[in-house]
Amino acid sequence: MEKNIKQKVQDQDYLSISEALAIIRANIPRASINECSLEAGIGRYLAADVVAPEPSPRYTSSAMDGYGVRWQDVLAATPEAPVALKIVGESQAGAQFNGVVGEKEAIRISTGAVLASGCDSVVRVEDTVEEGDQVFIKTIKAQGQDVRYLGEEFSTGEVLLHRGIRLTAAGAALLTSVGVARVSVFQPCEVALLITGSELVAVGEDIAEDQIRDSNMIMLKAAIEDAGGKVVHCIRVSDDEDVTQKAIAKTRADIILCSGGISVGRHDHVKKAALDSGYIPLFWRIWQKPGKPLYFARKDEKLLFGLPGNPVSAFMCFIHYVRPLISSLNGLPFGWPMVSAEALEHMKNNGKRPNMMRVKLQWRTNSGHCIRHAAKQGSHMLTSLTHADGYIILEPGQEIQAGERIDVFHYDFLREPV
Ligand code: AMP
Ligand code: MG
């Protein structure tokens, strides 16, 4: 394959979208896994199923503050003819009643406290009157009411969280509740961001008429983290060959993501700088719109992407090519969140290249997901992203009629467990 790929680079030929994806897939580094505390694991992806070491609830308990009773003693109770029971003790959360509740007896019980032996039902405080050492039960609906049974939520050995799921606050609480303190997680891949462009200034800095605010840095940083990667280094470099080469050479990360400087302009230095730093080019330029100049290279286990500088192209290339790679390093399939949607209007690709056409999704009660074409699609127009929820890919000349269904690549990282 490598001969083939080099030829593509030398011929200055274009790859198809699927050829480019196949090359990325063939170069995915091995995912690394480590064990950590739950706290450190929050936000990371589980590398193994987590199985319940004990059932939940761990013991049969009360769901209400009230009285633990025996159903056969009180089944005839009514507000007009309440049944009197003798209070023989109390079961509190953390301090259970150790005796046995006998005929015509009851115990006071708190929510979550162990149901004493002999009792089979709980009557909430509101349905009782306490007088001296007696309680009058005014009503009971069913045997077993307001009892939480041992194991009714799950049993020992059930899978609580599947591999590939991102550990959330609620997930960490669940594992803590059953005594799991450590988890095996995918180590997030380390990504360095190298933003090229002598015209760029940071937001908040003074800006001259011919300068541009660097919007790619914040966008890519957020997108990398959202995809489950970790940004370890983030710098801006001017359009200078030497500066770019030195920056690439000294950057330590699993993936270097460059922005800008990969076209055919006199000030585009990323390809040469990557080559001089020992990276082997795997592809350059894809027959697509936007994002034509995407560049991909490898040095041992390290990968480098050269994203186009245009913010829209940079984002689209990230979502279509880089995000699936980061996902796969978190144990997920190399792929995209897809939604099938009905076109609400005629859409056609009048261009020469496959078009990643940005679309706005909406939900209609009868048709489910529907799409409209997002108005302005220029690769310099960031509103083409903010006014859209995803994109469809149309081949040159391809059209879809209103009412037809098509697969939409969703921007949001809606994740399915594997
Ligand atoms: P380049 O790919 O470097 O030729 O850049 C293409 C276009 O995108 C130029 O108009 C740049 O000014 C613009 N651009 C490049 N990098 C950024 C960035 N980080 N933020 C916003 N615009 C950028
Ligand atoms: Mg540039």
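1. The chain splits into domain 1 (2–32 + 188–329), domain 2 (35–56 + 152–186), domain 3 (61–148) and domain 4 (338–410); the bounds come from an automatic or database domain assignment. Between the C-alpha centres of domain 2 and domain 4 there are 38 Å.

2. Some ground rules before the details. This is a predicted model, where local features need pLDDT of at least 70 and side-chain atom pairs count only at pLDDT 80 or more, while totals for chains, interfaces and linings use all residues. Residues are numbered from 1 along each chain as its sequence is written, chains are lettered from A and ligands numbered from 1 in the order in which they are written, and side-chain values use heavy atoms, with hydrogens and water left out.

3. Have a look at S61, in strand β3 (residues 61–62). Helices (H or I, at least four residues) and strands (E, at least two) are DSSP runs, numbered from the N terminus. S61 has a relative accessible area of 4%, so it is buried (buried is under 20%, exposed over 50%, partly exposed in between, with a 1.4 Å probe and protein chains only). Leaving aside residues up to four places away in sequence, S61 touches G112, A113, V114, L115, D146, V147 and R148, contact being heavy atoms within 4.5 Å.

4. D146 sits in the loop between β9 (134–137) and β10 (147–148), is partly exposed at 25%, and has a positive phi near 55°. K104 also has a positive phi, near 60°; its loop runs between β5 (83–91) and β6 (105–109), and at 42% relative accessibility K104 is partly exposed. For background, most residues other than glycine have a negative phi, and most peptide bonds are trans.

5. The S56 to P57 peptide bond is cis, with omega near -10°, and P57 is in the loop between β2 (50–51) and β3. K289 and P290 are joined by a cis bond too, omega about -5°, with P290 in the loop between β18 (280–284) and β19 (295–299).

6. Finally, the helix pair. The axes (lines fitted to C-alpha atoms over the stretch in contact, with angles from 0 to 180 degrees between N-to-C directions) of α6 (residues 216–226) and α9 (residues 311–328) come within 11 Å and cross at roughly 20°. The two helices are therefore roughly parallel, the term for angles under 35 degrees. On the α6 side N216, M219, L220, A223 and I224 meet P311, A314, F315, F318 and I326 of α9.

How values were computed: Angles under 35 degrees count as roughly parallel, over 145 as roughly antiparallel, 65 to 115 as roughly perpendicular and the rest as oblique.
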